[in-house]
Every structure is written in C-alpha cells, then in structure tokens.
Amino acid sequence: MLNAAEAKDGVKLAEVRLEHRIMRDLAIKSGDVSSLMSSVDSGMNVRIALLSGIGFASSNRMSKAEGIRLVQCAYRQARSSKRKVPVSLSPEAAVRTNWEVQQRRALADVSTEDRLKFLRGLDSAVLKTKVKVHGRFYDVRDWEITGFLANSEGSRVRSFLPRVMIESTNVVSSGGETEQSIREWGGTGGWEVIDRLKLDHVLPAEIKMLKTQIDKGKKVKPGVCDLVCGPEVAGIAAHESCGHPMEADRILGREMSQAGKSFVTPEHIGQGIGSRYATVIDDPTIPGSYGYYAYDMEGVKARPRHLYKEGRINEFLHNRETAGRLGLHSNGSSRSETYLKEPIVRMANTYVAPGDFEDDELIGAVKNGVLMHSFTEWNIDDKRYNQKYVSREAYFIEDGELAGPARKCILEITTPGFWGAIDAASKNVDYSAGECGKGDPMQGVAAFMGGPFLRLRGVMLK
Amino acid sequence: MSSLSHAASRLVEIARKEGATDAICEVEDLAVQQVRFSNSQIDAVNSWTESHAMMFVAVGKRVISSDLRNLDAADKEARVLVELGKRAPPSKGYGGLASGRFRYKQGRIDRRTASVDDPSKYAQEAIHAAEAAGAVDVGGTLYIRLSKLGIASSAGPIGNDESASVELSIRAFSQPEASGHAVCCTPSIGGLNAREVGEHAAELSLMARNSVQGEEGKFDIIIQPLFFGSISQSVSHMMSALRVEIGSSMFAKKIGKKVASEEITFIDEPTIDSTSRRAFDHEGAPARKNVMIKDGVLKTYLHNTSTAKKFKTRTTGNAGPLIPTPYAYATQPLPFHPVVLPGDWDVEEIISDTKRGLYLNNTWYTRYQNYTTGEFSTIPRDAILRIKDGEIIGAIKNIRISDNMMGLWKNMDAVSKQVQEVYWWAEAAPPSTLPTVRARNVNITRSA
C-alpha cells in the first residue's frame, strides 16, 4: 500500500496503519447478566497529504486489492480538496520502534466466569449497604489493540496496548428523593488494573455517601464564598477549560462546526489565564494511565505538554498539520478511536499540577465555604469559556472544619474566573477515567482527568 | 434473497447446528464519504468501508453477541461464538426474539446518490453561498452514507434493506462570536440544496452580530428544529424501557400521565422517507410508528422482545443494535426517527406573539443532574436572538438554560406548521423531524 501511495504524483506524506483489535464486554443489571460480547476486528487505513489537501480512506476488508483501492480513494480525495492554503506538515524525524504495555494478569486469561464473579461481587457489596439502589448497572470492557504504522518518511512503529474500563450506573433513593451516580474507571495494562481499583469498597462508599446527601444535605445559600474542589472537579476543569481550548486544531478552526472553536488564539501564548497555581499538564506517558501511549498515530514520540504553566497559556496540543501551520514541531497529540477514523488532535491524561499544601491545610484556612468533592451535571460552551459543575458530593466548611453535607452546589463560572481564583493546591494528585468525545464522526478516546485539591477564593455559588 | 440476507441466514444456520437455541444476524455493507471543511476551505476528504456481521446467539438463557468483522472467517467465528455462548452465564432477563415471518417495505438507494464520486463540489457550493450571503468564515461537514443490510433470525424474520443519507451541516460566522448553523438531511442527493443551507447559516450569523452579554431570568424560548433535535435526543432515549428499568429516565411510572403540554404529540416514525428510515429493527420486527406522547400524555416506552416481556407488553419494534454503541447498551431499545407532529402556528406568528423571549438556533452539551427528575442544563450556541414585544431586537451570548426537562416540555405552548428533518453530529441524533416550538418561562443562567 505504501509503495502504491508513494508512487503517486505530488505526495508529501503517505501513512498506512494496520490495526488488530480484540474487545470483550460483560454487563450486569441488578445482578443479572445484561449483555456479553466478544469481538475481533482487523482493518487498515491510508492517509495521503498533497499540497492541495488530505485524503483518508479506511476499510475492514484486509487484502492487497483493497489496500490499492484505498490508496486510489485517498489520493483522489486529497486532490479534490483544492485548498486555498497549501497543506503544511511539521518536519519530524523518522522512527523505527516497537512499544507495548505489559500485563501482569493478561486480559485474555480472565474468563467470563471470573468477570461475572467480579461484577456480582460489586453488586453484592452495594446490596450490603441496605440502601435502596436502582439500576445497579455495571459494565466491564477491555481491549487489546495491536497496531503497525508505516509512513513514506521511513517511520515504522509497532504497538500493543491493552486497556480496561468499568462503568457503573446507580440511582440511590431515600424518602422519595433520588441521586444518580454514573462513573467510570480505567487504565492500561492487564486485570491488575481492576484489582488496584478496589471497587468493592469504593462503590458501597459512594452509595452511602449519596444517601447521606439526600437525607442530610442542605442547599447552599447562593452567594460568594471560598470553594475547595476535589481532584475529580479539578480534573474535569483541567480537561474542559484547559485541555480542549488548548487543542490547536480547535484554535485554528478545524472543529468549528462540531466541538467548536476556542477562546484561545495563537497570539495568546504567554498571556495570563490564572494564578500561579494554574499549571495544567497533559501527559500521555503516565504509566498505567487510561490515556497512555508511547507514540502517537503519526509516529511522534509522546511527551508531557505544559498547557497552562504557572498561570500562563504555554503550549498547545499539536499534530503535524497544526504544528506545520504554526511553524512548530508536533508534540505527539494525534490519536484516533479506531483505524476507521482519521487521527486528530486529542488529549491523553490532563491534570492540574500538585502544589505544596496538605489536603487539610486547604480546608483549615477556609472560614466559610464549600468542599465540592465530585460532580454530576457539567457542561461548557463551545469556545470553552463558560462552564458549570453541579456537585455530587459536597460539604459545608465552617471555621476550617467540614460541617455537614451540602446538596447540589452549583458553580457556574468563566475559565479565567476559575483558574484565577485558585490560591492553593494540595500535594497529591488523583485521577478519574473517562471517554473524551470529539471529531466528526464522533471519536471517543480514553483519557485521565485529575488534579490535587484546589482552593478557590471568593467565587459565586448558586 | 440477496447475498446479504443469505449470508446472515447461513450464519444463523451454522449457529443453530452448533447448538444455539436462538440466533440472529445482521450483515451490513457500509460505505461512507465525508468532506470536512473549516475556514472556508476543505480540510480533509475521508471515506470508510465496512462489511461485517453483527450476531447474537442464545443457548437457552445463555446469551452472547459479537461483531464478526472478518466475513471471510465468519463461519468459524459464528461457531466460536456459540461455544462461548454455551459457557456464558445465564441471563434471566432474556425474553427471546421477535418471531414470525414478516413482509418488509424494503428501501432502495437511488442510483444518483450511490454514484456520487466527488462530494467536495457540494461542500464548495455551500461555502461559496455562505460567503456570498455575508459569512466570513464557514465550516461544516458533508456526509454521503450508503448502507445495505440483510437480517436473518432463527425465530423467522429474514429480509433486506437499503438506506442512504446525505447530510450537510454548516456553521457560518460573520464575526468571531456571531454564527449561524443550518443543516440539510435527505435520503437522496437530489434533495440536497447546498446553496440554500449555506445561505441560511450565513443569514443567521448576520442576525447574531454584535451580541451582548445575556441576562439571567425567566424567558419564553422559541427553539428551531436543530435546537429541538438536540434536546429531544435525550428525551427520546429516556423512552427506552431499559433506561426506565435502570432508573435513568424521568418517564418511569408515568404511563398515562401528563409529561408534556397538550400541544405535543411525540412519535417514533422510522417508516417515513427520511435519512433514518428502516424496514425492521435489530431483531427483525417490522419497523413501525409508535406514539410515545399523545397530546401531552405518555403512551408507551420503546421495547425489544426482552423488555416487553419484563413490562408485560409487546415489542414496539425498537430493538437496538446487538452490540453496544455510543450512549447505548447492547440490545437497548432505541428510537429510530423521533417526530413531533406539526402544530398550527407559523414561525413568524410565534415570534410576534412573544413579549419577552429568545429565539434559539442551536444548542449542545445537554447534561442532567438527575435523569429520574429531569433537572438539566444545555448551552445555546450560534444565533441567540432577543425578542421584545414580538420583534427580534438583537443578539446575546454566554447563556445557559438550567431547568427541568419535563417542565420544559409541559410549557411548550406553540408548535409550528413547518417541520424539518434535522441531524447534526452527536448532538441532534438520531435524525428527527421536528417543528419550531415555544416554551414559556424557561430559566436562563450565566457565569457569575
């Protein structure tokens, strides 16, 4: 395929990617098996860049003839684009490498019986709380993804990435009221990822917490006060109001009709966005992380990217196309959900950098405020400037002490408002897993979101 | 029998011989062309081709499904699937498959749509039209999807279907913060009017110029079909009996009760000519019209055979894909083509009848605090136009709707005569046919 692509006139870059993907999924609903799935998929794609445009073609039919057809399609499509501004890709060194994530307990070796035992164990642990819980929908899913990338510049990258995730949906009711909890956990590696999560303790604690929120939670009186955000809230803010607006393809307009543009422009590099505690890093190389990869889909070595650094807009997320347009090098942010879809600029593991405070120090210095531990409803506008987080778990803080549950605390704030209000960050970072959605067609990619406890001074709560 | 239903039937037969008590298979040939554009030029032209078989087998109550991606090895994979099924844990909730021999109204892809080989020219036409109408920056997507499907089930259903969709979505900017969004969805390339869509997006963007910060409070909102498509997505999914069962629906225990205003009749209608028309559901039950809400009263949830058994009713022909899809669990009953029936207002009449309101083009990021109660928020985008005493007086920005979804539907008091098929990205999905509606006293919030 690569030879056929290279033989075409005017090809600046040709890439071919082959992928083999095994997926298993088991879901239970109120203790009973809801669905069981097992699937094996192989496919390939070719991407051709000419000065006049980019063409991408993919197929799950694996044959030489199909490969040649894809090359012809991609080439014809690239020619049809007729771009006014010629395609410019950043120059990157060719690499020849193999990378893989090791599994201590191979996902392939975990039987359906063992998976069911695990899920039913979670269900039993939840039932033992004696709290009324609807749904109890638990889903464990894993993938083993083997890839091979070759490009016309000489790169050859082989990869193996095992990944596993769990999703839970619980609706807790008490006294005629309900609270929902929809959560996800995940990581790369084998079944040891699941063992480490200790969900048989985490889920019952979540259920009891929600019942307490219903039974004892009081509404926050709207007004200005101090807010301590837990790692889950810090993580979603890092993802939504730093990671997304710092994606260079959005900044340059490529997602304008779907996920939107960004309040950030290329001229904003170096400008202030928050306090000195506003340092947000996106790092695909965190071992075991849900968003882990060693090389991106263009064969560029992954590395940490400091998006916001000490309160300043510092570095965008780039693939070769966006970096080329701005005269930079790619920082390895090109990802795709599967071989069927084009690779685009994506986050991996985005987190707020730790500070120098102990967790209780942050709370101890708040006279009147709220600790928002975790969130349920959230959203942000398409320029990534106006965001809203509604608490799932929150507590009042009075004179430096936690003072009972606060229910449905609402933070509706601008991006500089959030990052500018931080006056302290704790030492320990914790992560949550999620599927980040972007692209057209929508591509969900695995991501971590995280951070330490953050203290925001004088923000409006509703 | 076409090769697709034949292939499906053969895989079902293999599964039966291997010991499956029930088996169903859908074989699909899918070809998609996509043009992505932004900054008024084409970014990429993509295409993808898939041939695969989605298969579900049951050995008694032991069930398993798979997406057999290599059709050359599908016979072997079907046998392996049955062996896995024999060792699968039993699923007490499994209630069988739709049974019977059905005559389907099979769709056909028209020849012109199937033979489009340069979709870029339609995108270029839309871009030029938007620019000529005043836009300075245009982005969007054009899709041409062709799907051929064959289904066979051990319970009797066997059939074929074809469908095509042409979807053009354009967002035009006349200023950095002034945009309009317009779509065209049609099952035939002959129905695509790229120029008109581009012009409409541009016109909306011009109306959105010089926007000022919006204010909090209660407003009457008039929502265009594209906006309505985004919020009806979550509402129609909450009609799924599975969502009701797991406590993720505000419609639980509401059958026979008022859940919307009397002006609203909300149906799932996959048999009309649309981009999501289909002949059968994923169990092979004939696709049919289902009235979910009639004159504001909840009439039914959407069912597959298993949920119908659990709810002591019959399938509504809404069995979802046999494998998990984004935002849906495996086999989850799903809406295919939601429709709100037209009312008797002209859009202009609704605007002139509104004293203090907002005219809303589009929205995104609809999220719920609690699916059981319906507390949600969503973020209007593109043209957000202020109405005072029946006139559009300017544009605002940076607002959010924070309210209760059932309350919003109960407060809909004007429904337009005009309806439009809309589909956009992952927001206004699945394709739906909707009017413009007005909802009274909706809570608007904004960042502090």
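How many bridges pair S5(B) and S6(B), and in which sense do the two strands run? The pairing is antiparallel, over nine bridges. This is a predicted model, so please hear everything that follows as computed from a prediction.

Let me stay with strand S5 of chain B for a moment. S5(B) and S6(B) form a hairpin, and two residues lie between the strands. In S5(B), Leu168(B) stands opposite Leu142(B), and its bridge partner in S6(B) is Cys184(B).

Is S5(B) mostly covered or mostly open? Mostly covered, with 15 of its 18 residues buried. Ser174(B) is one residue found in this strand. Ser174(B) counts as buried because there are 24 C-beta neighbours inside 10 Å, and the cut-off for that label is 20 or more. Leaving aside residues up to four places away in sequence, Ser174(B) touches Gly134(B), Ala135(B), Val136(B), Ala202(B), Ser205(B), Leu206(B) and Arg209(B). Take Leu206(B) from that list: Ser174(B) and Leu206(B) are 32 residues apart in sequence, yet 5.8 Å apart in space, C-alpha to C-alpha.

Now chain B as a whole. Its secondary structure comes to ten helices and 18 strands. The radius of gyration is 23 Å, close to the 22 Å that the globule rule gives for 448 residues, so chain B is as compact as a globular protein of that length. Along the principal axes, its C-alpha atoms fill a box of roughly 70 × 50 × 40 Å. Of the 448 residues in chain B, 63% are buried. If you take contacts in chain B between residues at least 6 apart in sequence, 74% of them join residues at least 24 apart.

The domain assignment divides chain B into domain 1, residues 3-205, and domain 2, residues 212-448. The domain centres, taken over C-alpha atoms, are separated by 22 Å. Into the contact between them go 38 residues from domain 1 and 35 residues from domain 2. Which strands supply the domain 1 side of that contact? Strands S1, S2, S3, S4, S5 and S6 of chain B each give at least two residues. By class, the domain 1 side divides into 16 nonpolar, 15 polar and seven charged residues.

Next, the contact between the chains. It takes 69 residues from chain A and 68 residues from chain B. On the chain A side, the largest share comes from S2(A), with eleven residues. That side has 22 nonpolar, 29 polar and 18 charged residues.

There is strand pairing across the two chains as well. S2(A) and S3(B) run parallel and are joined by two bridges; Met37(A) has Ser65(B) as its bridge partner in S3(B). S3(A) and S2(B) also run parallel, joined by six bridges. There, Ser59(A) is partnered by Thr49(B).

Seven bridges join S2(A) to S3(A), running antiparallel, and the two form a hairpin with two residues between them. Ile48(A) has Gly55(A) as its bridge partner in S3(A). How many of the residues of S3(A) are buried? Seven of the seven, so the strand is largely enclosed by the rest of the structure. Both faces are covered: Gly53(A), Gly55(A), Ala57(A) and Ser59(A) are buried on one side, and Ile54(A), Phe56(A) and Ser58(A) on the other.

Last, a sheet elsewhere in chain A. It is open, with six strands in the order S12-S11-S10-S15-S22-S21 and mixed pairing. S12(A) and S21(A) stand at the edges with a single partner strand each, so one side of each has no neighbour in the sheet. S11(A) pairs with S12(A) in the antiparallel sense over two bridges, and Lys309(A) stands opposite Arg312(A) in S12(A). Helix H6 of chain A, residues 231-243, lies across S10, S11, S15, S21 and S22, running at about 125° to S22(A).

Notes. Residues numbered from 1 in each chain as written. Chains lettered and ligands numbered in written order. Predicted model: local features only at pLDDT ≥ 70, side-chain atom pairs only at ≥ 80, totals over all residues. Domains from an automatic or database assignment. Contact = placed C-beta atoms within 7 Å. Helix = DSSP H or I, 4+ residues; strand = E, 2+ residues; numbered from the N terminus. Nonpolar A, V, L, I, M, F, W, Y, C, P; charged D, E, K, R; others polar. Pairing = 2+ DSSP bridges. Axes fitted to C-alpha atoms, helices over the stretch in contact; angles between N-to-C directions. Buried ≥ 20, exposed ≤ 12 C-beta atoms within 10 Å, placed from the backbone. Rg over C-alpha atoms; globule rule 2.2 N^0.38 Å.
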